[in-house]
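The structure is shown first.

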Amino acid sequence: EGGNGHGCGHNMIGAASATAAIALKNTMEKENLPGTIRFYGCPEEELLSGKVKMAYYKMFEGCDIALSWHPSSSNAVYDSSYLACAYAKFYFHGLTAHAAFAPHLGRSALDAVELMNVGVQFLREHMPRTDCLHYAITNAGGISPNVVQPKATVLYMVRSDNVPNTKKLLARVDNIAKGAALMTDTTISRRFIDGTADLVPNEPIEKALYANFLAAPAPVYTAEELDWAAALKKTFPPMDHIPGKGAEDVPAIRAEVAKLTDNGNRPMNDFVMPFYHSNTQMP
């Protein structure tokens with residue numbers, strides 16, 4: 001009560017997908033179309049592992065096509081790919097000691113984690129632009145600075161354009177971790193948590209979806225809904241770009257979308273795409 005809502009709109013994923021499944025079922029019955037509809041609820045969406053586990057247990061067998069949906073600020077058919085991803089956790093083990101009286105007896109696992117992270121920063125210069133590396137220190141070894149930390153853990157997310165390249169990048173991160181252990185005279189173990197393959201776009205389905213977007217009427221909102229949206233919008237910074245991937249790439253779509261926004265009366269060259277706006281962070 002009174003807390004923040006979810007910025008990604010995940011609260012709508014299940015309800016909207018269930019509604020879509022029901023609508024499709026009604027249409028198939030009305031048009032006498034053959035087929036079977038399956039409605040999947042996929043847990044652990046944020047950690048990218050729910051569908052992986054469901055596929056492992058063969059829950060998608062016999063499924064010819066899967067459609068997914070995610071809330072956004074505009075209606076669009078997503079026609080791009082996602083990077084493949086791998087999660088791995090690195091555990092460093094050293095020796096504790098008093099940091100003032102006997103620092104020479106200690107072997108700091110936290111030093112190893114920090115050196116590994118520094119090594120990864122230097123790796124960023126020597127990997128393809130499609131690749132990404134992210135980390136979080138999940139165990140810093142304690143809160144006391146006068147004790148050499150005997151244990152420390154760091155979680156890494158490794159991304160590349162496909163699974164083979166993701167494995168190669170993870171192997172390079174593994175070598176950096178081993179080097180950090182050698183430099184600090186600590187030991188290391190690594191646990192692979194899970195991974196996901198890159199999303200492969202399906203152009204025929206995307207074109208069919210887009211054709212239906214054009215054929216379907218735009219949503220109609222009540223005055224009460226519009227007032228609520230206007231009040232909500234006042235809590236956000238003003239929009240400085242035309243929304244949507246299509247508007248970013250295609251001038252004709254950009255002009256069409258501009259007409260549907262309250263920014264439509266501004267010259268097109270006034271809009272700055274968020275990737276290049278000095279005051280806007282990359283998503």
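## Residues with positive phi

Asn 32 is exposed in this predicted model, with a relative accessible area of 68%. The residue sits in the loop that links helix 1 (13-31) to helix 2 (50-56). Its phi is positive, about 55°, although Asn 32 is not a glycine. Most residues other than glycine have a negative phi.

Lys 58 also has a positive phi, of about 60°, and is likewise not a glycine. Lys 58 belongs to the loop between helix 2 and strand 1. With a relative accessible area of 54%, Lys 58 counts as exposed, because the cut-off for that class is over 50%.

## Nonpolar core

The largest nonpolar core has 24 residues. Those touching the most other members are Phe 90, Phe 92, Met 116, Leu 133 and Val 173. Two or more residues each come from strand 1 (84-93), helix 3 (109-123), strand 3 (151-160) and helix 4 (163-184).

Beyond its neighbours within four places in sequence, Leu 133 contacts Val 120, Leu 123, Arg 124, Met 127, Met 157, Val 158, Leu 169 and Val 173.

## Packing of helix 3 and helix 4

The axes of helix 3 and helix 4 are 8 Å apart and form an angle of about 140°, so helix 3 is oblique to helix 4. Their crossing is right-handed.

On the helix 3 side, the contact involves Asp 111, Ala 112, Leu 115, Met 116, Gly 119, Val 120 and Leu 123. Helix 4 contributes Leu 169, Arg 172, Val 173, Ile 176, Ala 177, Ala 180, Met 183 and Thr 184. By class, the contact has 11 nonpolar, 2 polar and 2 charged residues.

Key: Residues are numbered from 1 along each chain as its sequence is written. This is a predicted model: local features need pLDDT of at least 70, side-chain atom pairs count only at pLDDT 80 or more; totals for chains, interfaces and linings use all residues. Side-chain values use heavy atoms; hydrogens and water are left out. A nonpolar core is a set of buried Ala, Val, Leu, Ile, Met, Phe, Trp, Tyr and Cys residues joined through side-chain atoms within 4.5 Å. Buried means under 20% relative accessible area, exposed over 50%, partly exposed in between (1.4 Å probe, protein chains only). Helices (H or I, at least four residues) and strands (E, at least two) are DSSP runs, numbered from the N terminus. Contact means heavy atoms within 4.5 Å. Axes are lines fitted to C-alpha atoms, for helices over the stretch in contact, and angles run from 0 to 180 degrees between N-to-C directions. Angles under 35 degrees count as roughly parallel, over 145 as roughly antiparallel, 65 to 115 as roughly perpendicular and the rest as oblique. A crossing is left-handed if the near helix is turned anticlockwise from the far one by less than a right angle, and right-handed if clockwise. Ala, Val, Leu, Ile, Met, Phe, Trp, Tyr, Cys and Pro count as nonpolar, Asp, Glu, Lys and Arg as charged, and the others, Gly among them, as polar.
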